[in-house]
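Hi,

Here is the structure I promised to pass on.

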Amino acid sequence: MLWLNIPLEEADNHTISAYIDYLLDNRLAAKTINNHLSAVRCFYNYLKAEEGLTIINPVGKRRSLRLGQPLPKHLLDHEVVVLFNAIRSKRDRAMFMLMLRCGLRVAEVAGLTMDAVDLRQSRLYVHNGKGGKDRVVYLSNDALLALTEYLRIRRPLVKTKMIFLVEKGRCRGKPISVRGIQKRIEHYAKESGLDVSCHQLRHT
């Protein structure tokens, strides 16, 4: 009411837009502005229902600002060190280094093939990523080293083109699944005492 410089009955959609701009200029968050809009909407509903005024509510039912999505929690630098100190397997180190340094999703790691890797150019090709799109990802020095060390010990006679394979049990030599990779990060999270997931790792 202090801001409004016209009679209540004359306020319309443009008035509300100007009010939103005013609140934004005062650095209010979207959630706080939505609370303001809700209060104004309720006030006009009150005037119409309780006071009997013939008045149009300038704040529509769906009028609100879109709230931003919070970023996934990421690991701190010292937590990354603790996590990778717990990883002994060259395969696992390579998988999680690709997530950490290259931002690969767990499904992209599981689906990575031998012909998608170009070690000479320090890059790899991600086929059919999110949204069905392909992209080129460049390897950092430590990701390249981890991948190279794993490929040296990877079973060469395995027919599958998939890079990351199951190392133990009856499925040994078969491509590791998304769930298999997730179980490995759960194992290392327990060993290191960290709350970490594949999703968090790629956002670090």
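This is a predicted model: local features need pLDDT of at least 70, side-chain atom pairs count only at pLDDT 80 or more; totals for chains, interfaces and linings use all residues.

Helix 2 gives the largest share of the lining of the largest pocket, 4 residues. Helices and strands here are DSSP runs numbered from the N terminus (helices are H or I, at least four residues; strands are E, at least two). A pocket is an open set of points on a 1 Å grid over the protein atoms alone, where a 1.4 Å probe fits, with protein on both sides within 12 Å along at least five of seven lines; lining residues have an atom within 4 Å of a point.

Residues are numbered from 1 along each chain as its sequence is written, and side-chain values use heavy atoms, without hydrogens and water. Mean pLDDT for the protein chain is 89, with 98% of its residues at 70 or more.

Back to that largest pocket: 14 residues line it, and Met1, Trp3, Leu4, Tyr19 and Val40 are the closest to its centre. Helix 1 also supplies at least two lining residues.

The second largest pocket has Arg91, Asp92, Glu167 and Lys168 among its lining residues. Helix 7 (178-192) contributes the most there, with 3 residues.

On the backbone, Arg27 has a positive phi near 65° and sits in the loop between helix 1 and helix 2. Ser122 also has a positive phi, about 55°, in the loop between strand 1 and strand 2.

Cheers

Technical notes: pLDDT is the predictor's confidence in each residue, from 0 to 100.
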